[in-house]
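Keep the sequence and the 3D view at hand while reading.

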Amino acid sequence: MSNEFLTPDFIFESSWEVCNKVGGIYTVLSTRAKTLQEKFCDKIIFIGPDFWKEKESPYFREEKALLAEWQWQAKEEGLKVRVGRWTVPGEPIAILVDFTPYFEKKNDVYGWLWENYGVDSLHAYGDYDEASMFSYAAALVVESFYNHSLSENQRVVYHANEWMCGLGALYINSKVPQIATIFTTHATSIGRSIAGNQKPLYDYLFAYNGDQMAQELNMQSKHSIEKQTAHHVDCFTTVSDITAHECVELLDKPVDVVLPNGFDNSFVPKGLAFNRKRKQARKRMLQVANALLGENLDDETLIVSTSGRYEFRNKGIDVFIEAMNRLLRDRNLNKKVLAFIVVPGWVGEPRQDLKERLASNDSYDTPLEVPQVTHWLHNMGHDNVLNMMKFYDMHNRHEDKVKVIFLPCYLDGHDGIMNLTYYDVVLGNDLCIYPSYYEPWGYTPLEAVAFKVPCITTDLAGFGLWANKEFGHEGQIEDGVRVIHRTDYNYSEVADFIKDTVAHYSCLTQKQVDACRKKAGELSKKALWSEFIKYYYEAYDIALRNAAKRLETK
């Protein structure tokens with residue numbers, strides 16, 4: 001790596017998901033923290049929202065002696081902060097800020113934002129106000145810390161993630177211009193919205209006008225803050241080539257550098273522990289399925305799953321069900337298939353009847369009622385997964401070679417039925433399937449291959465495109481990742497490709513399966529943070545140089 005890169009002396013990074021586990025960005029930041037902490041050692045400070053007033057956060061450990069002098073100063077200035085460590089590998093410093101006091105200043109802040117940057121907050125609704133006030137509070141924290149503890153000859157970078165932190169980046173840009181700003185959009189709000197609203201995104205991308213679509217889809221405020229931040233920061237970034245293309249078309253701004261999402265594999269079990277955990281996970285998954293279905297599925301069963309956020313179309317959950325339905329009639333299928341849909345829904349409670357069966361350890365030959373779901377949902381009649389299975393008459397009958405089970409909760413090890421963590425469940429799979437329609441990067445397939453589980457994804461996912469690039473051809477299951485070509489219109493073809501790949505996999509010998517698993521593990525090592533962090537150093541360099549130029553022209 002070139003030594004000519006300018007290196008920051010101090011980095012602040014803000015996100016709604018710092019010490020707040022909501023989605024994929026938590027994984028990005030928390031796994032990258034270790035690599036940055038090793039290089040910058042407590043000169044990288046993460047800023048997140050403080051939701052934990054009454055109870056202790058499971059992701060944060062307060063340390064009152066950390067940055068004690070500044071903490072006193074912050075309190076004098078009326079900032080409500082807690083300083084401590086983010087309890088992830090590397091344990092970087094984290095500052096949690098209470099943003100609720102700023103709601104009463106909301107209109108003044110929005111007025112300032114409109115006058116200085118033309119950001120339209122008039123049409124705000126939902127989470128816009130909350131995110132904006134957090135973003136404003138985070139910027140005040142950085143401004144205070146800079147003024148109190150840092151000096152003008154230090155190189156400082158402020159890195160804002162997603163539209164939620166855009167306001168703060170613009171505030172820093174204006175009020176503390178010596179700080180270089182970076183903005184990462186992990187998915188454009190308008191692109192995700194177009195895809196989620198059943199509109200064809202890719203064929204028409206060149207023709208969509210982002211501002212016009214924002215109006216049509218009632219997304220003006222989020223789109224506006226995202227677009228203006230992209231245009232005004234010192235370095236604008238995203239996570240994959242596919243989203244970089246979206247940024248040009250929908251935000252009218254090319255990115256300065258792509259920052260692909262890496263992975264920290266320190267928590268992947270090794271050697272004998274790996275085999276033991278895999279056995280335990282498979283045993284539990286089969287126990288749950290057998291109790292629910294009244295079956296006696298053994299370890300020869302092919303266990304497959306899909307998982308992620310409950311975005312029915314964007315994550316390809318619809319195609320997954322379609323493919324499993326077609327697999328029921330596939331003559332080439334050589335094994336019984338147990339397919340899990342691990343997607344947090346509007347979950348009620350764990351099924352008492354299923355808990356009782358699991359506790360008794362008996363075997364049963366009759367299914368429970370509704371043998372498609374492990375936990376009761378609040379909206380059984382309006383759930384997309386259950387409705388699609390009902391539409392296709394998929395009732396997990398005894399004679400069906402493919403059984404599909406919806407596991408609609410967040411797997412933290414305490415869900416009441418499976419009682420395994422998400423990573424343990426991934427480890428127990430033979431194949432993972434993520435047929436995304438809209439997926440800026442795609443952590444789920446990357447996590448699967450890190451646990452040596454081959455997977456199926458699409459070239460509409462940043463990870464799928466990256467894998468194709470690494471292979472030098474369209475990924476096949478023998479490479480560890482099958483990358484299916486997906487477009488706006490080939491849903492049916494994608495379902496067939498998935499069906500055929502699962503059937504093909506069911507016919508492989510143990511030796512061939514082991515080779516696939518080995519390849520999957522090898523690919524994951526090319527996506528470790530140690531490989532990808534160099535792009536961040538490039539982004540810091542671009543931001544610092546552009547900030548210097550900006551100051552010269554002031």
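## A residue in a loop

Where is N361 found? N361 sits in the loop between α12 (352–360) and β13 (375–377). The model is a predicted one. N361 is not a glycine, yet its phi is positive, about 65 degrees. Is N361 buried or exposed? Its relative accessibility is 64%, so N361 counts as exposed.

C41 shows a positive phi too, about 35 degrees, and is not a glycine either. C41 is placed in the loop between α1 and β2.

## The open sheet

How many strands form the open sheet? Nine strands form it, in the order β3-β4-β5-β2-β1-β6-β7-β8-β9. The pairing is mixed. Two strands stand at the edges: β3 (60–62) and β9 (257–258). Each has a single partner strand, so one side of each has no neighbour in the sheet.

Strand β1 covers residues 10–14, and strand β6 covers residues 156–161. The two run parallel and are joined by five bridges. In one of these strands, β6, V156 is the bridge partner of F10. Helix α19 packs on the sheet. The helix touches β1, β6, β7 (180–185), β8 (235–238) and β9. The direction of α19 makes about 135 degrees with that of β7.

## Two nonpolar cores

In soluble globular proteins, nonpolar side chains tend to be buried together. Here the largest nonpolar core holds 61 residues. Which of its residues touch the most other members? They are W86, W441, L446, F463, W466, V481 and Y540. Helix α19 (residues 529–553) gives the most to this core: eleven residues.

Take W466 as a case. Leaving aside residues up to four places away in sequence, W466 touches W441, L523, K526, A527 and F532. Another core lies apart from the largest one. This other core has 58 residues, including F99, W112, M164 and I179.

Helix α2 spans residues 68–76. Which of its residues are buried? W70, Q71 and A74 are buried. Seen down the axis of α2, the buried residues fall within an arc of 105 degrees, so they line one face of the helix. On the other side of α2, E69, W72, K75 and E76 are exposed.

What covers the buried residues of α2? The cover includes β4 (81–86), β5 (93–97) and α4 (128–149). After α2 comes G78. The phi of G78 is positive, near 85 degrees.

## Aromatic pairs

A pair of aromatic rings is described by the distance of the centres and the angle of the planes. A search of the whole structure finds 39 aromatic pairs. One of them joins Y26 and W86. Their centres are 5.5 Å apart, with 70 degrees between the planes, and the pair is edge-to-face. Y26 belongs to helix α1 (residues 24–40) and W86 to strand β4. The pair links distant parts of the chain, 60 residues apart. Y26 has a relative accessibility of 6%, so Y26 counts as buried. W86 has 0% and also counts as buried.

F51 and F99 form another pair. Their ring centres lie 6.1 Å apart and their planes are at 90 degrees, so this pair is edge-to-face. F51 lies in the loop between β2 (44–49) and β3. F99 lies in the loop between β5 and α3 (106–117). The pair therefore ties together parts that are 48 residues apart in sequence. F51, at 32% relative accessibility, counts as partly exposed, whereas F99, at 3%, counts as buried. Ring pairs also link W16, F51, F99, F103 and F134 into a cluster.

## A buried glutamine

Q37 lies in helix α1. Is Q37 buried or exposed? At 10% relative accessibility, Q37 counts as buried, because the cut-off for buried is under 20%. Which residues does Q37 touch, not counting those up to four places away in sequence? They are D42, I44, R85, G90, E91 and P92.

Definitions and conventions. Residues numbered from 1 in each chain as written. Predicted model: local features only at pLDDT ≥ 70, side-chain atom pairs only at ≥ 80, totals over all residues. Heavy atoms only, no water. Core = buried A, V, L, I, M, F, W, Y, C linked by side-chain atoms within 4.5 Å. Buried < 20%, exposed > 50% of the residue type's maximum accessible area, 1.4 Å probe, protein only. Helix = DSSP H or I, 4+ residues; strand = E, 2+ residues; numbered from the N terminus. Contact = heavy atoms within 4.5 Å. Pairing = 2+ DSSP bridges. Axes fitted to C-alpha atoms, helices over the stretch in contact; angles between N-to-C directions. Arc of directions from axis to C-beta. Phe/Tyr/Trp six-rings, centres within 6.5 Å; stacked < 30°, edge-to-face > 60°.
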